[in-house]
Amino acid sequence: MTRMAPPPGSGCRDIPVLRERGQREVFCGLTGIIWLHRKMQDAFFLVVGSRTCAHLLQSAAGVMIFAEPRFATAILEETDLAGMADAQEELDREVARLLERRPDIRQLFLVGSCPSEVIKLDLGKAAERLSREHAPHVRVLSYDGSGIETTFTEGEDACLAAMVPVLPETQARELLLVGALPDVVEDQALSLLSAMGIERVRCLPARRADEMPGVGPETVFALTQPFLGGTRDALMRRGARHIAAPFPFGEEGTTAWLAAIAAEFDVPREQFEAATDAPRDRARRAVAAATEMLNGKRIFFFPDSQLEIPLARFLTRECGMEAVEIGAPYIRQDVVGPDMDLLAPGPVLSEGQDVDLQLDRARAARADLTVCGLGLANPLEAEGLATKWAIELVFTPVHFYEQAGDLAALFARPLRRRAALKLEAAE
Ligand code: SF4
């Protein structure tokens, strides 16, 4: 049905991990609002932060123009920071004004930032109070998106984890897909699952507040993103069970992810093959077309999106690349263990970051492609290294069979550009 994992001991699960706890070079969790607000159509994200936070959001979302934006920043002024004004009262007023003006809002997220964390503004308490005040029309929740201790994909994890305790209880045997995928990609997953005969599928987050799934002891869930460890824990606290699997990147990852779900629901082998054979074949051909440029090339991952391990698995096993170092902000074996089982030993696995030391290693390695955050990409490009921005991997549809070719192409593009530039220079 699917390629088997290498025998125990031949993957990367048990190799020593280089753990670094130094200065980090990453975006903060507010970034997630950019894709979350697109997904949840009646949600609003109110960042309780500074002008810096407002600027970050505006520039990250700068390419989009909204008639009715669905995120904003409640600015904490210097007086709030000095504790001279009652920020809670100000927040209540701000929320009341917003909800009066925008009756379309059904879910309001108060998003914590570095400044709100520094002044220890209790947004959890504020959310409870405001939820009582504005129920039943609006539910108010809070989560932290501050950059003090988080990487940019942790914003989505914190947001989804905040939703889990308030999901209704259900006794139904249902599959829950967890992760904010673009609608068109989510629809592809639902149609594959439906072709396998699995119809009772719900999504977290749902597109609208009144479609939010229930959760209970008969819920089984599959993560679609490797950065959702906190959400996984929250769902398990509600009695749901995690279907561990490699992540659905590339043909092999998608097949293995679907196969784990198929095993859980006793899908007959013939039905699984009937549902997956044609898209698998398309995916293989699409990946092969993009792989020419990647084959035999060396890649170095800085820790950023938390997608690093599953992507390294895809690039080494399906695209012929060689991984030199795979850095990830966190390595949770209960989340990425199945991907580690498929990764051949050889690359350095590093967790956390000490950016200067890692830059030294990247410079010494001079890989053909270095995957990193925006802050590191420009200096490395100036030093002659080809780079790929990790953040693009979260903003671009990359999951499941139909996107497998695009995912490979995302990595091939910087190499192609560099090859073209070299050619031009030689002429
Ligand atoms: S939350 Fe912190 S890191 Fe993020 S924009 Fe605001 S001040 Fe900057």
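**Helices, sheets and the ligand shell**

Reply: Helix α12 passes α13 in a left-handed crossing. A crossing is left-handed if the near helix is turned anticlockwise from the far one by less than a right angle, and right-handed if clockwise. On the α12 side the contact is made by Ile309, Pro310, Arg313 and Arg317; on the α13 side by Val336, Asp339, Met340 and Leu342. Residues are in contact if their C-beta atoms, placed from the backbone, lie within 7 Å. By class, this contact has five nonpolar, no polar and three charged residues. Ala, Val, Leu, Ile, Met, Phe, Trp, Tyr, Cys and Pro count as nonpolar, Asp, Glu, Lys and Arg as charged, and the others, Gly among them, as polar.

A word on the basis. This is a predicted model; local features need pLDDT of at least 70, side-chain atom pairs count only at pLDDT 80 or more, and totals for chains, interfaces and linings use all residues. Numbering starts from 1 along each chain as its sequence is written. Helices (H or I, at least four residues) and strands (E, at least two) are DSSP runs, numbered from the N terminus.

Now the geometry of that pair. α12 covers residues 308-317 and α13 covers residues 333-342; they pack at about 20°, axes 9 Å apart. Axes are lines fitted to C-alpha atoms, for helices over the stretch in contact, and angles run from 0 to 180 degrees between N-to-C directions. α12 and α13 are therefore roughly parallel to each other. The cut-offs are under 35 degrees for roughly parallel, over 145 for roughly antiparallel, 65 to 115 for roughly perpendicular, and oblique for the rest.

Six strands form an open sheet, ordered β1-β12-β11-β10-β13-β14, with parallel pairing. Its edge strands, each pairing on one side only, are β1 (18-21) and β14 (387-389). From one strand to the next, the twist averages 20°. Two strands pair if DSSP finds at least two bridges between them. β11 (residues 322-328) and β12 (residues 348-353) pair in the parallel sense over four bridges. Gly327 stands opposite Ser350 in β12. α12 packs on this sheet, touching β10 (298-301) and β11, and its direction makes about 170° with that of β11. Helix α15 (residues 374-382) lies across β13 (369-372) and β14, at about 160° to β14.

There is another open sheet. Four strands run in the order β3-β2-β4-β5, paired in parallel. β3 (71-75) and β5 (139-144) stand at the edges with a single partner strand each, so one side of each is left without a neighbour in the sheet. Neighbouring strands here are turned by 25° against each other on average, direction ignored. β2 (residues 43-49) runs parallel to β4 (residues 107-112), joined by six bridges. Val48 has Gly112 of β4 as its bridge partner. α2 lies across β2 and β3, running at about 165° to β3. Helix α6 (residues 123-134) packs on the sheet too, touching β2, β4 and β5, with its direction at about 170° to that of β5.

α6 has a helix partner as well. It packs with α4 (residues 87-101) at about 40°, their axes 11 Å apart. α4 and α6 are therefore oblique to each other. α4 passes α6 in a right-handed crossing. Gln88, Leu91, Asp92, Val95 and Leu99 of α4 meet Ala126, Leu130 and His134 of α6. This contact divides into five nonpolar, two polar and one charged.

Then the ligand. Its shell is Cys28, Leu30, Gly49, Ser50, Thr52, Cys53, Leu56, Ser113, Cys114, Gly145, Ser146 and Gly147. A residue is near a molecule if its C-beta atom, placed from the backbone, lies within 6 Å of it. Helix α2 (residues 51-60) gives the most to the shell, with three residues. The shell has five nonpolar, seven polar and no charged residues.

Finally, the backbone. Ala135 and Pro136 are joined by a cis peptide bond, omega about 0°. Pro136 lies in the loop between α6 and β5. Leu204 to Pro205 is also cis, with omega near 5°. Pro205 sits in the loop between β7 (201-204) and β8 (219-223). Lys120 has a positive phi of about 55° although it is not a glycine. Lys120 lies in the loop between α5 (114-118) and α6.

Conventions: Contact = placed C-beta atoms within 7 Å.
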